[in-house]
Amino acid sequence: MIIDHPLLGPRDSAEFVYLGDACLIERPDWQDENALDAFHDYLYLRDNPAGEHRELWFHEQGDRSWLVVTRNTLTHEITKVELARDVARALGRSK
């Protein structure tokens, strides 16, 4: 499988490590009144979709960047690749 890195161009997926659902970028606010329940759901409840899914990938054997890859879990077709920092900034989490 080839991942079209936004900065480096097409790279073999063997250079990357799959890290799970991209919803991990949306970490709950630890100061929220319902933080305990929110963190439980964040850590333990995951969707396992068949079809298009957003995933976190880490470019371990390259520039060590984090990517959000939109991939079809049935066909492995990749339709979008974004830098995770850009996705986090768009969500209002620029840290």
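## Close-up views of the predicted chain

**View 1. Glu55 and the residues around it.** Leaving aside residues up to four places away in sequence, Glu55 touches Tyr18, Gly20, Ala22, Leu67, Val68, Val69, Arg71 and Thr73; contact here means heavy atoms within 4.5 Å. The model shown is predicted, with local features needing pLDDT of at least 70 and side-chain atom pairs counting only at pLDDT 80 or more, while totals for chains, interfaces and linings use all residues. Residues are numbered from 1 along each chain as its sequence is written, and side-chain values use heavy atoms, with hydrogens and water left out. You will find Glu55 in strand 4, residues 52-58; strands (E, at least two residues) and helices (H or I, at least four) are DSSP runs, numbered from the N terminus. Is Glu55 buried or exposed? Glu55 counts as buried because its relative accessibility is 1%, where buried means under 20% relative accessible area, exposed over 50%, and partly exposed in between (1.4 Å probe, protein chains only).

**View 2. Polar partners of the Glu55 side chain.** Which side chain joins Glu55 in a polar contact of 2.7 Å? That partner is Arg71, a residue that is also on the list of those touched by Glu55. The side chain of Trp57 makes a polar contact with Glu55 too, at 3.0 Å. A polar contact is a pair of N or O atoms within 3.5 Å; within protein, one must be able to donate a hydrogen and the other to accept it, and residues adjacent in sequence count only if both atoms are side-chain atoms.

**View 3. His53, also in strand 4.** Move along strand 4 to His53, which counts as buried because its relative accessibility is 11%. Residues up to four places away in sequence aside, His53 touches Asp21, Val69, Thr70, Arg71 and Thr73.

**View 4. Salt bridges on Glu82 and beyond.** The side chains of Arg54 and Glu82 meet in a salt bridge at 3.5 Å, N to O. This pair links distant parts of the chain, with Arg54 in strand 4 and Glu82 in strand 6 (residues 78-83), 28 residues apart. A salt bridge is a side-chain nitrogen of Lys or Arg within 4 Å of a carboxyl oxygen of Asp or Glu, and the count comes to five by this rule. Glu82 also meets Lys80, with 3.8 Å from N to O. Elsewhere, Arg85 forms a salt bridge with Asp86, the closest N and O atoms being 3.6 Å apart. Salt bridges that share partners join Arg54, Lys80 and Glu82 into one network.

**View 5. A nonpolar surface patch.** Leu43, Tyr44 and Leu45 form this patch, with about 360 Å² of accessible area together. Accessible areas come from the Shrake-Rupley method with a 1.4 Å probe; for residues, only the protein chains shown count as cover. Patches are made of residues with over 30% relative accessible area and no salt bridge: like charges are joined within 9 Å, nonpolar side chains (Val, Leu, Ile, Met, Phe, Trp, Tyr) within 5 Å. Leu43 lies in helix 1, residues 35-44, and is partly exposed at 48% relative accessible area.

**View 6. Stepping back to the chain.** Two helices and six strands run β-β-β-α-β-β-β-α from the N terminus on. Of the 95 residues, 34% count as buried. The C-alpha atoms fill a box of roughly 45 × 30 × 20 Å, taken along the principal axes.
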